[in-house]
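Work through these exercises with the sequence and the model open. Try each task before reading its solution.

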Amino acid sequence: MTGADETIFATAVTWHLATQRDDMDWDGFTAWLEADPQHRTIYGEVALTDAALERHADRLAPLSEAYASSTLPRRTWPLWAGGTVAAALAAVLLVPQFIAGRSETFTTESTQRKIALADGSSVLLAPHSRLTVSGRHKDELALAGGAYFEIRHDPQRSLTIRANELEIGDIGTRFEVQATDRAVRVEVSEGQVEVRGDALGDPVELAAGHRILFDPAHGLAMVASVAASDVGEWREGRLTYDAAPLALVASDLARYAGVGVTMPPALAGRRFSGTLSIKDGNAAVRDLSQLMGLELSRDAGAYRLSDPG
Amino acid sequence: MEEGSITANAGLAGLLAAHRAELLRFLAARSGDAGEAEDLLQELWLKASLTAAGPVANGRAYLFRMANNLVLDRSRERQRAMRRDRDWLERNEAAPAAVEAMADPSPGADAGLIEAEEADLLRQAIMSLPHGARRALLMYRFEGLGQAEIARVMGISRSGVEKHLAVAMRHLRQKLADCGFFVAAPSQHREPAGGLGPHGKNKP
């Protein structure tokens, strides 16, 4: 690549990153594309490259564990109270004193894991998820994946949870957060949380029995009611949806039931309502395909949903 | 609940009408084809009208993002179809005697193979990235961190993060290009006989 090409490429990447933000200058981008046909070609390849990464996220994400996290401080924690039924289901971890300013990262693979925070609050981290705790007062959390929070109210501090482009704050309550790069979902079963984010404009107060579903790619946020008993129900081996995009259901099935499900882009936005038992991932996928009248096939170890015919 | 500047989705199609000219111009610039842009605008209008109800934070940006994604989806489909055709042709060239016995390519089986190969290729490309670029890319793509957050974790500036991501993307793009991933690009790998689709017959 020549120097000029490199400059065009860097500009294309900058535009591409900005497309996800609400302050993206779409007119400026149009003008840049029009300025030189090469801009269009290079931008198109950047977008396709990133789309390929996104499509293979399930297969590639483990790299993240191996490389991105390896440079963060990591320790092994002693297991608490082995032997009880609860401990067999979820390893309970005690977070000791932190070294000031350091961040601490917790990751799960195929099993969920309970993290006890120093102030008595606790987090049940879903399978295939990652929680980072940082800040001087250990009150800045960042989540990729799913978690059920039970936060003890403490007026002395303001705990915040970063989930993709959203921030959840003002909390002393029980709620669930799901954060992937395709969607963020917050469901409150007790108390109230505040959800903030540039894409939302004004902060959204979310009370018990409500949830917000945020689609970062389109800057679309939806608030709806949810039965308090449905919040965090993956802990009981069940997932309930009300008009949820199929792509979100698929990412939940990958996380909680350990089954990969792909679909053509045209199906990703189709809505699903119903309850899936996730104790058996294969059965869950079959139920989903039947409930939606979709055809189920299997290749290369993953399920694929498609329109029949 | 305070909804502020949130636009009801029922208004999305109306909003599209208001921004029609800009969107069409964008689609033409992005796809490089005025005719295709008209077509895409129609598709965008359909999608906007059918999108399930819900508040949209910034309607105009939302429509542009939808438009941008439509172009991406279309180029992805085109590229995948061309790659399938090319693979089919290559296999025919490799074993001409078997051609008569060969069925039309089965998109399902081929797609599975292509998917797995692609994932392997990307995995290797990511592993061969310089350390900083790899870390920034993994956090951006697989841990859902924003640029500002990556900057904080890595202790560098936001523009430093962009540079890392540009290095990573350029490297990955090159690896993909080397394997003929961008077959839809006009300058590369265009098959000389345009009529040879999945149902085309091998030339003697």
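Helices and strands here are DSSP runs, numbered from the N terminus; a helix needs at least four residues and a strand at least two. The model is predicted.

**Exercise 1. The fold of chain B**

Task: State how many helices and strands chain B has, and in what pattern they follow along the sequence.

Solution: 
- Step 1. Count the elements. Chain B has 8 helices and 2 strands.
- Step 2. Read along the sequence. The pattern of chain B is β-α-α-α-β-α-α-α-α-α.
- Step 3. Check burial. Of the 204 residues in chain B, 33% are buried.
- Step 4. Check contact range. Take the contacts in chain B with a separation of 6 or more; 66% of them join residues 24 or more positions apart.

**Exercise 2. Helix α8 of chain B**

Task: Compare the reach of helix α8 of chain B with the expected value, then list its buried residues.

Solution: 
- Step 1. Take the span. Helix α8(B) covers residues 158-178, which is 21 residues. From first C-alpha to last it reaches 30 Å, close to the 30 Å expected at 1.5 Å a residue.
- Step 2. List the buried positions. They are B:V161, B:H164, B:L165, B:A166, B:V167, B:A168, B:M169, B:R170, B:L172 and B:R173.
- Step 3. Recall the helix repeat. An α-helix has 3.6 residues a turn, so residues three or four places apart point the same way.
- Step 4. Look past the end. B:G180 follows α8(B) and has a positive phi, near 75°.

**Exercise 3. Helix pairs in chain A**

Task: Describe how α6(A) packs with α8(A), and how α2(A) crosses α3(A).

Solution: 
- Step 1. Take α6 (246-257) and α8 (281-292) of chain A. Their angle is about 165° and their axes are 10 Å apart. The angle therefore makes α6(A) roughly antiparallel to α8(A).
- Step 2. Name the contact. α6(A) gives A:V249, A:L253 and A:A257; α8(A) gives A:G281, A:A284, A:V285 and A:L288. By class these are 6 nonpolar, 1 polar and no charged.
- Step 3. The crossing of α6(A) and α8(A) is right-handed.
- Step 4. Take the second pair. The axes of α2(A) and α3(A) come within 5 Å and cross at roughly 115°. A:W32, A:L33 and A:A35 of α2(A) meet A:H39, A:R40 and A:Y43 of α3(A). That contact has 4 nonpolar, 1 polar and 1 charged residues.

**Exercise 4. The interface**

Task: Find which element of chain A gives the most residues to the side that touches chain B.

Solution: 
- Step 1. 64 residues of chain A contact 60 residues of chain B.
- Step 2. Pick the element. α3(A) gives the most, with 13 residues.
- Step 3. Sort by class. The chain A side has 34 nonpolar, 15 polar and 15 charged residues.

Methods. Residues numbered from 1 in each chain as written. Chains lettered and ligands numbered in written order. Predicted model: local features only at pLDDT ≥ 70, side-chain atom pairs only at ≥ 80, totals over all residues. Expected span 1.5 Å × (residues − 1). Buried ≥ 20, exposed ≤ 12 C-beta atoms within 10 Å, placed from the backbone. Contact = placed C-beta atoms within 7 Å. Nonpolar A, V, L, I, M, F, W, Y, C, P; charged D, E, K, R; others polar. Axes fitted to C-alpha atoms, helices over the stretch in contact; angles between N-to-C directions. Parallel < 35°, antiparallel > 145°, perpendicular 65-115°, else oblique. Left-handed = near helix turned anticlockwise from the far one by under 90°.
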